[in-house]
Amino acid sequence: MEKRAVTLAVIGLFVLAAVAVVLGFISFKTPEAPSGTKPEVMSSTATTSATSAGKVAISGAGATFLAPQMFEWARIYTQTKGVVVEYQSVGSGAGRDMFFRNVTHFGASDVPLSKELYEKYRGRVLQIPVVIGSIAIVYNIPEIPENTNLCLSGDVIALIYKGEIKRWDDERILSDNPSLKNYLLGKEIVAVHRSDSSGTTGAFTIYLNKVAPNIWTKDLVGLTVDWPADKVAKGVGGKGNEGVTQVVQTTPYSIGYVELNYALLNKLRMAAVKNADGYCVVPNETTIVNAVKSAFKSGLAFPQTPLDDWSDVPQKLMNAPGRDSYPIVSFSFLLFWREYPKELAGAIKDFINWLNTEGQGKTIVGYLPIPEEVREINLKALQIIEGR
Amino acid sequence: MSELRYLRLRKLKNALMLTLMLTLAFLTFLPLLLIIGSITLEGIKVLLKAGVSFFASLPPKPTDVSLGGIAPALIGSLISSSIALSIAASIAFISAFLTTEFPNNVISRVVEVVFRSFSGIPSLAVGMFVYSTVVVFMRTQSLIAGAVALSIVGMPYAYVYFTSALRSIPEEYREAAMSLGMSRLKALRYVYLGISRKYLLSGLLITFAKIIGDTAPLLFTIGFVTNAYFMGLDKPSNALPLLIFIYALSPYEIYHSVALGAAFILLVTLIALFEIAHAVVKEVRL
Amino acid sequence: MFFKSKPDKILFISLLPFSLTSLALIVYIALTLGWEAREAFLRFGVKLFTENVWRVSEIPEYESYGLLSPLVGSIYVSITSVLIALPLSISLAFTSAEFLPKNLSKIVSHLTDVMGGVPTVIYGLWGSLFLAPVLRDVFMIPLNRYLWFIPLFSCTPLTGHSILTASVVLAVASVPYMTSLVREGLAMIPFKYKEALYSIGAMRYEYFKVLTGMLKPYIVAATLLGFSRVLGETTIVALTIGNSLKISLCVFEPGSTIPSLIANQFESAGLYKYALPTLFAGSLVLLLICLTLTYVGIQITYKWRESML
C-alpha cells in the first residue's frame, strides 16, 4: 500500500511537470484585469517575430530606484492602451547590459552613458530622462525638536564623509546652525553610506565633488566609493536605500543619504542643504523642479535631442543657482534604440509619447515630473525612432 | 562503594549530556519558530485584508489602496519549479543510484565530487551563467531559462538527499537482495525504494522547497512580470521569492504587505508539502 | 574498472550518460566563468587575490580591483558558521535518530525538514530586520563591554549587520544539511556495534561518546562539505553581513564574502570594463575551492565507509 502511495506521489509530481510544460506551450490570453479595462496579452518575441494583431509586449529592465514609478506607469499604460509593458528592477548596469544584448526593449539607468559608451553607440541609442530624482540628507539626532531643521553645507557634508568632522558639536556645523547650539551635543557622528554600487552614491559624490572639489576629490566620485570615513571615523554601510534607512533609524547620531522617496515614506528627518546662493533649502516638489529649471536657464549647454551626449548632464544639474533650488538633483534615463522591428516601433513611440505627456501627470511620491523644456527635447524621439 | 559513585557519575554525565543536547536542538528550532510565528501573524493579517483575490489578481501599483494579488508569481513559481524539479530530480536520482551502487569506481567518485561541488557556485553565478547562455541565446528572459537555472541549483540538494537515502539502507538488506539473485535494478525497485522511500520523498520535497524558494538564480533569468498572468513558457514570467525580495526592499507600505502575504503563502505551501509527505509515507519499521 | 558481473557493467554504462551531464555542465560552467573572467586575470594577475581594492571608474585605466577582503571574508564567515552549526547538527542528528522516542523524533525530523525548506530570502530578511538588532543589543554590546580584550570582540558593534550575524543565520540555514550528513554517517554504522553497546549496558552518554568517536573522520568530512556549501550562499550573507571591504578579525565588524560582493556589485558592474570580469573571477575561484574541499571531504568519507564494512 505505502509503496504504491509513494510511487503515486512521484508519478504525480512528474505529471504535474508535464502538464505545466503542455500548458506553457498553449499560450493563452490573460483574463480581465481587476480594474475592468481589458488588456489583451499577446505573445511576441523580443525583437524578431511579428504578431498577428500587431499587438506587442514591451519589456524593460534597469535601475532599482526607478522601479516603483515604472511599475505605476507600466500598469496604467497596460490598462489604458492594451499593450503590456513590463519592468524589471535589476540595477542600472545589469539593465543596460540586457538592453545592449537585446534581451529587453528598453533599459533604465540612473546615470547617462559615459562618453566612451556614447561614442560607441553614437546615433543608435536614445537617452530620455523621465523623472527627476533627488537625494535627501537624513539624520537621526533625537535631541533636535520636530519643528526645526538642521542645515548643512556641501563642504560640511563632504568633511563628515571624509571623516574630518567627527562630532556633532563641531564649529563648522554649529556656525550654520546657531539656533541648534544646545541640541548638538558632543556625540560622535556615524556616517552611513551605501555598501552596494548605486546611482544614488554616484549622484551624491558628483554633488560633493562639484561643491567641494578640494575636499571631495575626483577619485572619490563613482557608483561605489572607498569611503574615507570608514577608516578614520565611524562610517558604516547599508545595502540599498532601505538598508541605509534602517541603519539611520536604529542608530542615534547618524547621518545618511537616501533617495527622497525613502526619506518621505519612512518619515526620516531631512536636513536642509545650503544651495549655491547660500540659502538652506529642504527637498520638496517646488525646490527640486526649480533647481532643474534654473539649471537649464543658467546658460550651461544642455543636449538638444535624445541622440546627443548626456554624459555631463548630472554634473551640470547639481548645485543650481536660485534662492529656491535644492542642490542635489538628478535625472533617471530610459534607453531606447533608434531602430526597432516595424510592429514594435509604433508601440515604442506611443509609449515614449505617453510618458512625456499623460505619464508626467502620474508621478508618485518622491518622483517629480520633468519640466516642459526637457519634455520637448524628449518628444523629438518620435521623429527619430524608425521601424525597419 | 566506589562503584556506586562511579555509577552516579555516569548518570550525572548522562543527564548533563542529554540536557545539553536537547537544549541545543531546541535552540536550533527557536529561529524557525520565530520566523514561522511572525510571518504567520503578519501574513494572516494581509490575507484577511486582501481576501481570496490575493491568489487571482495582479500585484498592486505603488499608489493603489487595495492589495491586489500575486497571481503571476504563483503561476510562474509553480510552472518553473515543477519543470526544474523534474530535471534536477531525475538526473540526481540516477547519479545517486550510480554512486551508491558502485562506490569504489573512479567515475562514481568524480560524479560525487562534482555534484557536491555544485553547491559551491554562488546561486547568483548560476543565474549569470544561464543569463549569458540561455537568455542571451533566446533573446528574452523566460520561464524556461528560470527553470534551467533552478534545476542547476536544485541538483546538488536532490543528490545529497538521495544518496543519503540510498545509503541509509542497512547493508544486510543489500546483501539479502543480492543473494536472492536480484539484479541491481530489481533490488532498487523492490527493496531499496521501499526501505528508503521516506528519505527519498523528503529529499524530493526539500529539493522542491529549495527550488521554489530560491531567488538569486531567477534574478536575471525569469523576468518580473506584473501586468499579465502568463505569456508562455518562452516568455518572461515571475516567481514568488523574487516578488518577495523586490517588494520587501521597496519603500512602499503596500509592497511590504504584499511581500508578507506572499511569504506566508510560500511558507504554508512548504509546510503543507512536508505534511503531505509525512502523511503519505509512514515510518518504516526495521 | 572492476565489476562483479556483466549486468553490472551494462547497468553502469547505461547510467553513465545521465550522471555525466553533471560533469559536462560543471565543466561548461567553469569554462564560461573563466572566459568571462579572462580580462580581469590578464589585467590584474595575482594582484586580483592579494590586494584589497574596489575602485571603479568609467575610464578603464583607473579601474583597480582586488578580491582579498571578500576572499578572506568568505573563509572566515564559513568557518564561524560551520563551528556554530556543527554542535547543533550533531545533537540534532543524535536526538532525532537515536535518543528520542519514536513520535517525538518524528516531529523533530519533521521540523528539520521544514527548516531546510524555508527560503533563504526569508532567513535573510529575518536576519537583517529582526536578528541583527537583537544580537547587537543583547549579545554584541555586552560582550564588547566586558571581553573587549579578546580580539574577536574588540570592536564596537554599530548596526548589528556583521560577520557574526551572517554566520549565525548561515549556521541556522545549514543545520538541516549538516544534520542529514551526520545522520547518513550514523546510519552507516553497522547495527552490531549499536546492539553491542546497549547490550553491555552503555548509557546514552557512553553510547554517544563511542559513536562520535567512530564517526570522527566522518564528522570532519561533513564539516568540509558543510563548509563548501556555506561558501556559496548569496542571499543570506548579502542581507546580513553589512558589506564592507574591511579586513578584520573582530566578528562584530561588517565584512563581505565573494557571493555578497557579487550581489552588491553586479547591478552596476556592467557599467565598467573590468568589474564584471572580476566578479566572474571571484566565482570561479570559489568554485575551485569548493571542488577541492569537496574532493577531500569525499575521500575521507569513502575511506571511513570502507573501514566500517
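Read from the N terminus, the elements of chain B run α-α-α-α-α-α-α-α-α, which amounts to 9 helices and 0 strands. The model is a predicted one, with an ipTM of 0.80 and a pTM of 0.82. The points below take up chain B, the domains of chain A and the confidence in chain C.

**Chain B**
- Along its principal axes, the C-alpha atoms of chain B fill a box of roughly 80 × 50 × 30 Å, and 62% of the 286 residues of chain B count as buried.
- Among the contacts in chain B with a separation of 6 or more, 73% are accounted for by residues 24 or more positions apart.

**Domains of chain A**
- Chain A is divided into domain 1, made up of 41-132 + 331-387, and domain 2, covering 134-317, and the centres of these domains, taken over C-alpha atoms, are separated by 29 Å.
- The contact between them takes 27 residues from domain 1 of chain A and 26 residues from domain 2 of chain A.
- On the side of domain 1 that touches domain 2, helix 4 (115-120), strand 4 (125-140), helix 14 (372-379) and helix 15 (381-384) of chain A each supply at least two residues, and strand 4 of chain A gives the most, with 4 residues.
- That side of domain 1 of chain A divides into 17 nonpolar, 6 polar and 4 charged residues.

**Confidence in chain C**
- Chain C has a mean pLDDT of 85, with 99% of its residues reaching 70 or more.
- Among the elements of chain C, the lowest mean pLDDT (81) belongs to helix 4 (residues 102-117), whereas helix 3 (residues 68-99) has the highest (90).

Key
Residues numbered from 1 in each chain as written. Chains lettered and ligands numbered in written order. Predicted model: local features only at pLDDT ≥ 70, side-chain atom pairs only at ≥ 80, totals over all residues. pLDDT = per-residue confidence, 0-100. Buried ≥ 20, exposed ≤ 12 C-beta atoms within 10 Å, placed from the backbone. Contact = placed C-beta atoms within 7 Å. Domains from an automatic or database assignment. Nonpolar A, V, L, I, M, F, W, Y, C, P; charged D, E, K, R; others polar.
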